[in-house]
Amino acid sequence: MSETIFSKIIRKEIPADIVYEDDLALAFRDVHPQAPVHILIIPKKVIVSIASATAEDATLLGHLLLIVKKVAIQEGLENGYRVVINTGEDGGQTVFHLHLHLMGKRLMTWPPG
Ligand code: AMP
């Protein structure tokens, strides 16, 4: 499996501002925040993107969404938030380890750029 900078964060080889961790997943603040709250939720298992997830990953994918909810409460995002999964080249993905962007504390517009 290919390694990304997120593998190093999971192994604590490089620093990250971690806001949540369990056996299966990690959540940490994005280093280039696009909103006052901008957190990445990642599985510890290397899954390149949603496009390469399999039926075997179904429980893990659901787990990641429930972490979004948990971290949103923790961050005081009761007014709402946006969850984004950039996928592949056209989707604007730059780090090829599946991650959910959780962004909040500002009004989001639609459509996104
Ligand atoms: P994407 O463009 O959807 O693949 O998102 C990758 C995200 O990872 C970007 O928002 C980057 O700012 C973020 N990022 C890259 N390296 C780090 C890092 N070392 N710590 C935290 N966030 C990072």
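The model is predicted.

**Ligand shell**

- Thr-94 places a backbone N or O atom 2.7 Å from an oxygen atom of the ligand.
- A polar backbone atom of Val-95 is 3.0 Å from an oxygen atom of the ligand.
- With His-99 the side chain is involved: one of its N or O atoms lies 2.9 Å from a ligand oxygen atom.
- On its own the ligand has 500 Å² of accessible area, and the protein covers 84% of that area.

**Gln-93**

- Gln-93 is located in the loop between β4 (81-84) and β5 (100-104).
- Is Gln-93 buried or exposed? Its relative accessible area is 7%, which is under the 20% limit, so Gln-93 counts as buried.
- A polar atom of the Gln-93 side chain lies 2.8 Å from the backbone nitrogen of Gly-88.
- The Gln-93 side chain also reaches the backbone oxygen of Val-95, at 3.0 Å; Val-95 in turn has a polar backbone atom 3.0 Å from an oxygen atom of the ligand.

**Backbone geometry**

- Most residues other than glycine have a negative phi, and most peptide bonds are trans.
- Lys-12 has a positive phi, near 65 degrees, and is not a glycine.
- Lys-12 sits in the loop between α1 and β1 (18-21). Its relative accessible area of 47% lies between 20% and 50%, so Lys-12 is partly exposed.
- Lys-105, also not a glycine, has a positive phi of about 70 degrees.
- Where is Lys-105? Lys-105 is in the segment after β5, and with 48% relative accessibility it counts as partly exposed.
- The peptide bond that joins Trp-110 and Pro-111 is cis, with omega at about 0 degrees. Pro-111 belongs to the segment after β5.

Note on methods
Residues are numbered from 1 along each chain as its sequence is written. This is a predicted model: local features need pLDDT of at least 70, side-chain atom pairs count only at pLDDT 80 or more; totals for chains, interfaces and linings use all residues. Side-chain values use heavy atoms; hydrogens and water are left out. A polar contact is a pair of N or O atoms within 3.5 Å; within protein, one must be able to donate a hydrogen and the other to accept it, and residues adjacent in sequence count only if both atoms are side-chain atoms. Accessible areas come from the Shrake-Rupley method with a 1.4 Å probe; for residues, only the protein chains shown count as cover. Helices (H or I, at least four residues) and strands (E, at least two) are DSSP runs, numbered from the N terminus. Buried means under 20% relative accessible area, exposed over 50%, partly exposed in between (1.4 Å probe, protein chains only).
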